[in-house]
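Dear colleague,

My notes on it follow.

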Amino acid sequence: MASVTIHHDEETPLVVESPIQLQPHKSHSRDVHILSIAFVLIFLAYGAAQNLQSTLNTEEDLGTTSLGILYLSFTFFSVFASLVVRILGSKNALIIGTSGYWLYVAANLKPNWYTLVPASVYLGFCASIIWVGQGTYLTSTAHSHAIDNNLHEGAVIGDFNGEFWAVYALHQFIGNLITFALLSDGQGGSTNGTTLLFVVFLFVMTFGAILMFFLHKRIGNSKEEYKNSEADVVESKSLKSLCKSLTSALSDAKMLLIIPLMAYSGLQQAFVWAEFTKFVVTPAIGVSGVGIAMAAYGAFDGICSLAAGRLTSGLTSITSIVSFGAFAQAVALILLLLNFSISSGFLGTSYILFLAALLGIGDGVLMTQLNALLGILFKHDMEGAFAQLKIWQSATIAVVFFLAPYISFQAVTIIMLVLLCLSFCSFLWLALKVGNASSPSTSE
């Protein structure tokens, strides 16, 4: 049965039982544009704030610990996120999810254990529903667009994910350029400089949250969303489907083979945020240099996301693209392990930016391809699939933030390299398994 499903996903436009067509086809790309812009406005503030936690809030490791609590909360709530998104609907989940990011950035105006920790816990909940909502909403939009225009579903999913992640990656570029501008000239440790930075970010995030209201509502793939209007009926059926989704995911060979790559994708993000900025960037070019290095990371992340999305058409193309991204990250990790001693002048700064670019390329590949892969292979339970993605990503991120203070940078880098190899081998096994199950005539 699996072979037939995969073959149709790769070769023919998807035909989904969709009893109601809510939106005309012309609105599909519009919603992708709005979703992408809203996310970049929200995350340019949050991303920059997150990058600064390990360098600004250093007293008793407040910044790093709060991030660990955030991602531990994110992991816990991700277990229930698919249920919440089914009850709320993906659009409402997106709107509510923005509130946690706003409050977290606001807490940085007065950072202490009584502001950052509660904000981190609440953000964990909001992050779980906004990301499951995003994956569900974007994939539903791609499905509708493919059906309405009689297009290859895999290509549409790739295009929409490529656009979203390319625009989203700009949050690192724009947010960190703002950080660099406002915290340069010796203002890195200035209270006035950081206060101004976070106030500007709060205004920008507000506009992003408002944009979410302009998204069209969409019908998800779950039967609860389009067969039942009463919330209590939806909740009753969703509780059963949640348990079934969680257990079936862990018995699905395809999901089990993807999980290591999901976990690594979270690990490599946490590595950049907590380790790379603290032990590589800051000693070489200072706190203000974190902004310019992460801007380079975001720029290459965005370029690679757009290119990867445009090139995605099915499992074969995904395999090739992931291989390229894994190679880029392997090169960066090996260079970090070799610990080249480079002067602190222009050459030294360029080397740091080069490493950031390689890491950005790898992240761009992993984000676009994992989302496209889940959209293609698990369209029968999109909320559950994207919840699994966030569970494993946030769990590994939490582990990094909690354990990083007790492990040397070199040890973390070695662990990263080993897990990259293991997760890539697992992914290749998946590609081989699905490829063998498909018809020999499969082509792209």
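As for Cys 425, it takes part in no disulfide, since its nearest cysteine sulfur, that of Cys 421, lies 6.7 Å away, whereas a disulfide would require the two sulfur atoms to be within 2.5 Å. The number of disulfides in the model is zero. Please bear in mind throughout that this is a predicted model.

Salt bridges

The count of salt bridges comes to three. Asp 31 pairs with Arg 30, with 2.9 Å between the closest N and O atoms. Asp 31 has a relative accessible area of 0% and is therefore buried, while Arg 30, at 32%, is partly exposed.

Another salt bridge joins Arg 310 to Asp 159, and here the closest N and O atoms are 3.6 Å apart. Because Arg 310 belongs to helix α11 (residues 288-311) and Asp 159 to helix α6 (residues 153-183), this pair ties together parts that are 151 residues apart in sequence. Asp 159 has a relative accessibility of 26%, so it counts as partly exposed.

The remaining pair is Lys 254 with Asp 252, whose closest N and O atoms are 3.8 Å apart. Both Lys 254 and Asp 252 are buried.

Thr 141 is part of helix α5, which covers residues 113-149. With 1% relative accessibility, Thr 141 counts as buried, because the limit for that class is under 20%. Which backbone oxygen does the side chain of Thr 141 reach? It is that of Tyr 137, at a distance of 2.7 Å. Not counting residues up to four places away in sequence, Thr 141 also touches His 28, Val 32, Phe 160 and Arg 218.

The loop between α5 and α6 contains Asn 150. This residue has a positive phi of about 55°, although it is not a glycine. For context, most residues other than glycine have a negative phi. Asn 150 is exposed, with a relative accessible area of 62%.

Helix α12

Helix α12 comprises 24 residues, numbered 315-338. From its first C-alpha to its last it reaches 34 Å, close to the 34 Å expected at 1.5 Å a residue.

Nonpolar cores

How many residues make up the largest nonpolar core? There are 119, and those with the most contacts inside this core are Phe 39, Tyr 101, Trp 131, Met 212 and Phe 276. Leaving aside neighbours within four places in sequence, Phe 276 is in contact with Phe 271, Val 281, Leu 336, Ile 352, Leu 355, Ala 356, Leu 359 and Phe 409. A second, separate core has six residues, among them Ala 81, Ala 93, Ile 129 and Val 132.

With kind regards

Notes
Residues numbered from 1 in each chain as written. Predicted model: local features only at pLDDT ≥ 70, side-chain atom pairs only at ≥ 80, totals over all residues. Heavy atoms only, no water. Helix = DSSP H or I, 4+ residues; strand = E, 2+ residues; numbered from the N terminus. Expected span 1.5 Å × (residues − 1). Buried < 20%, exposed > 50% of the residue type's maximum accessible area, 1.4 Å probe, protein only. Polar contact = N/O pair within 3.5 Å; in protein donor to acceptor, adjacent residues only side chain to side chain. Contact = heavy atoms within 4.5 Å. Salt bridge = Lys/Arg side-chain N within 4 Å of Asp/Glu carboxyl O. Core = buried A, V, L, I, M, F, W, Y, C linked by side-chain atoms within 4.5 Å.
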